[in-house]
Amino acid sequence: MTQSRKVLHEEIALQCVVSSGPARELMLSNSWFFFDLIIRSMIEHLAATNRLDMPRKMRFCAQFFDDITTLVTTLTSEIISRSNKESEERFIRNLNSSLAFFLCDLFSVVDRGYVFCLIKAYCKQMSAKISTLPDSIFLMSLKLDFLRIVCSHEHFITLNLPFGTPVSPSPATSPCPSVASSSSQCSLLSTGTLVEKGNFTELSLEFKQQHFLVGLVLSDLCYVLSMK
């Protein structure tokens, strides 16, 4: 009877999710190592199965993505629940940084929209807890450090370029746009209402949707500056 071969990154992600007790504590303490193994295994898997040219959404199975989502959510909860223990400050900072570096590495391997969703889930959990604390300096510093690491990605600028907005319309499909197409783009800018343009030149919901990472950083900066 033959058994199907297990893929390393899928098995590590699954075991990280289902682990408990001392095994889970060891996993958390060495999360950087397991995250690094997952990324390396993912890249090796793509090369070995000739999937490097496949669309990013189709490179890995749905169950693996579900396990990664669960892992990120549970680790974020772990960071939040232990953040009030001064004796574990170093442990929490290391875990938080490891998670951030992992998501930063994922940008280069999987669909970036999926990674944005993971970052959004992390920030949503952290912000929800921060809003309930009278003293949220430590959690806020963790969140800012997380964003600092994520924003260190080599394609940070590209990840934040907006297209199709009243301020920055979609680029012409031709590398040498005609006079007519150029005039059309200028017309879009000139006919757009001030309200529409303002939505993309201020820290509005529209701006944060078009500049996701920058929007997160600026939103947190506003929050920090408003703290007493």
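**Helix α3**

Mentor: Asn 50 follows α3 and has a positive phi, near 55°. The model is predicted, so local features need pLDDT of at least 70 and side-chain atom pairs count only at pLDDT 80 or more, while totals for chains, interfaces and linings use all residues. Residues are numbered from 1 along each chain as its sequence is written, and side-chain values use heavy atoms, with hydrogens and water left out.

The helix itself covers residues 31-48, as a DSSP run (H or I, at least four residues, numbered from the N terminus). Its 18 residues, at 1.5 Å a residue, should span 26 Å, and the end C-alpha atoms lie 25 Å apart, which agrees; the expected span is 1.5 Å times one less than the number of residues.

Ser 31, Phe 35, Ile 38, Ile 39, Ser 41, Met 42, His 45 and Leu 46 are the buried residues of α3 (under 20% relative accessible area, with exposed over 50% and partly exposed in between; 1.4 Å probe, protein chains only). Viewed down the axis of α3, these buried residues fall within an arc of 165°, so they line one face of the helix; the arc is that of the directions from the helix axis to the C-beta atoms.

Conventions
Helices (H or I, at least four residues) and strands (E, at least two) are DSSP runs, numbered from the N terminus.
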